[in-house]
Amino acid sequence: MHSKPDKASWGLTLGAIGGLLFLHFPMFVIFLYSFTTDEATYSFPLPGFTTKWFGVAMGRQDLWDALMLSLQVASVATLAALVLGTLAAAAVYRSDFFGRDAISFLLVLPIALPGIVTGIALRSAIGSMEIPFSFWTIIIGHATFCVVVVYNNVLARFRRMSGTQIEASMDLGANSFQTFRYVVLPNIGTALLAGGMLAFALSFDEVIVTTFTAGQQSTLPIWIFSQLVRPRDRPVTNVVATIVILITFLPIFFAQKISAESSETEGGSK
Amino acid sequence: MANRLSAFFFRNPKLVTLLLLSLPLAYMVVVYLGSLFALLINSFYYLEEFTGLVVKEFTLSTYGQLLKPANLGIFGRTAGMALAVTIMDAIIAFPLAYYIAKFASPRLRTYLYIAVTLPLWSSYIVRVYAWKLILSKEGIVSWFVDLLHLNFALDWVLSLPGIGGSSLSLSPIGMFIAFCYIWLPYMIVPIQTALERVPKSLLEASSDLGATPAQTLRTVILPLAFPGVVAGSIFTFSLTLGDFIVPQSLGNSRFFIGQAVYSYQGTAGNIPLAAAFTMGPIVIMIAYLLIARKLGAFDAL
């Protein structure tokens, strides 16, 4: 017997810890830098600590505008994704129709192809039809890649839900709408929540497609991108980056916890 | 009314499916596929050099421009970077994926899974920005290298032609590191999924039959993890291929596909050429997806 199967070798453990550190260390660095007193460079060790940049950032109207735009876009895009994703998931779950795989493929395409493809494609369509850039052109772009997130979450839940519940509800005299309201909806509730939160985070953070569909409008990620290319307000950018991490952290964390836990209960019932 | 409607629905399940499907399908087909189609059409137009206007006439001349040495260089450089990133990510991802799949307790596994997928959803642009801080000339990496008195090694690496630059954040090495970091979770998750399907008894059998852990790793675990690696590589490869944020923020002035698309459609207003450029990654990715499906990668997604 060469090794106990339940104990990881120290080399593997070290590799795993290394991978985890690599994944999370950079976030910590941004957090640290938002307190630096250094205005002109990214020097490390930090010359001193200050919280004044949070105040400076709070006073910037352009940042508030960008934040508001990002929040509005993310909310509307999430709403669109919830409706479209749930409908598609229900249709695919209900029946074994021809082209079912094609639908899944079509929905996954916007996230499987590089974002720039979606971006430039929408840009050429908008250009060809001479539609002016607006809030809605951003939404149209975001909805394409948010739908799949909701779709995946809801479809996975549908597949775990036993169909007999729906039949029982119908047998007991509930009509389709009542069945949806009292049986289906409570079952898929947390999946909608998880999918919705992920879609929100995805949209709130998105920069590639947005660059092509926003025109002159500036969402928060676009604002950060402009600072990346030509840094003007380094300390304020650090603060904004920290705030973006904080805004998206909780929704993502809870969404992940919901899906991790529900896949575990599935494993337990097998 | 509601009852009659629902009875009608019950008798016509196909119609209901169609109704459910119509809205999302219409959206994806009209908006998404429609746009892709517009992209394709645009790539057959051309930009009139003198007027700077797009001429809506069928031509292959825009595709012809892609064959210029400078543009072929862009394709080669980008594909090379995508390949290097994919290989490096597979190497970094494997230990973590293996640990999560086979050694972590269920409770730890949930948290490790969240730790791996959290960056997947959290701000992409912010995560690129982090590397601008870390890799800058006066930043953490330089400080750490200095602490270890290894400046000569860093200077030597940065002096290498092709991958060097004036600082890490302005060199292809910096881009490489940032790319590896950004797409790493996409590699970990499929490998982990693939390994979770390997029954423990198989590993025990290998060990009972006299294989050393290294042999088990090489002849049992790695081949079974391979579909996961292929699945992960779809993302790492495709995403690197089309990215313009990382090359725009880090690295030197030599173009990548994404940057070329971005700049041609932007200030130059040359949407046809940008569209033709985009066809490169699309064709590469479609070929890649077809091969990946043959290799069974979709089961590991």
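E196(B) is partly exposed, with a relative accessible area of 33%. The model that holds this residue is predicted.

## Salt bridges

How many salt bridges does a search of the whole structure find over all chains? It finds three. Here they are.

| Salt bridge | N to O distance |
|---|---|
| R60(A) and D62(A) | 3.0 Å |
| D233(A) and R60(A) | 3.3 Å |

R60(A) has a bridge to D62(A) and another to D233(A). Shared partners join R60(A), D62(A) and D233(A) into one network. Which parts of the chain does the pair of D233(A) and R60(A) link? D233(A) lies in the loop between α10 (220–229) and α11 (234–269) of chain A. R60(A) lies in the loop between α2 (52–58) and α3 (61–94) of chain A. The two are 173 residues apart.

Are D62(A) and D233(A) buried or partly exposed? D62(A) has a relative accessible area of 34%, so it counts as partly exposed. D233(A) has 22%, so it is partly exposed as well. The cut-off matters here: buried means under 20%.

## Chain A as a whole

Now step back to chain A. It has 11 helices and zero strands. Its 270 residues include 51% that count as buried. Along the principal axes, the C-alpha atoms fill a box of roughly 70 × 70 × 30 Å. Take the contacts in chain A between residues at least 6 apart in sequence. Of these, 72% join residues at least 24 apart.

## Nonpolar cores

The largest nonpolar core has 144 residues. Which of them touch the most other members? They are Y124(B), V126(B), I245(B) and F277(B). Helix α6 (residues 135–160) of chain A gives the most to this core, with 14 residues.

There is also a second, separate core of 29 residues. Its members include I92(B), A101(B), V116(B) and L203(B).

## Two packed helices

Helix α4 (residues 69–102) and helix α14 (residues 271–294) of chain B pack at an angle of about 35 degrees. Their axes are 12 Å apart. Is the crossing of α4(B) and α14(B) left-handed or right-handed? It is right-handed.

From α4(B), the contact uses N71(B), I74(B) and F75(B). From α14(B), it uses F277(B), G280(B) and P281(B). By class, the contact has four nonpolar, two polar and no charged residues.

## A residue in a helix of chain B

S61(B) sits in helix α3 (residues 61–66) of chain B. Its relative accessibility is 37%, so S61(B) counts as partly exposed. S61(B) and Y46(B) are 15 residues apart in sequence. In space they are 7.2 Å apart, C-alpha to C-alpha.

Definitions and conventions
Residues are numbered from 1 along each chain as its sequence is written. Chains are lettered from A and ligands numbered from 1 in the order in which they are written. This is a predicted model: local features need pLDDT of at least 70, side-chain atom pairs count only at pLDDT 80 or more; totals for chains, interfaces and linings use all residues. Side-chain values use heavy atoms; hydrogens and water are left out. A nonpolar core is a set of buried Ala, Val, Leu, Ile, Met, Phe, Trp, Tyr and Cys residues joined through side-chain atoms within 4.5 Å. Buried means under 20% relative accessible area, exposed over 50%, partly exposed in between (1.4 Å probe, protein chains only). Helices (H or I, at least four residues) and strands (E, at least two) are DSSP runs, numbered from the N terminus. A salt bridge is a side-chain nitrogen of Lys or Arg within 4 Å of a carboxyl oxygen of Asp or Glu. Axes are lines fitted to C-alpha atoms, for helices over the stretch in contact, and angles run from 0 to 180 degrees between N-to-C directions. A crossing is left-handed if the near helix is turned anticlockwise from the far one by less than a right angle, and right-handed if clockwise. Contact means heavy atoms within 4.5 Å. Ala, Val, Leu, Ile, Met, Phe, Trp, Tyr, Cys and Pro count as nonpolar, Asp, Glu, Lys and Arg as charged, and the others, Gly among them, as polar.
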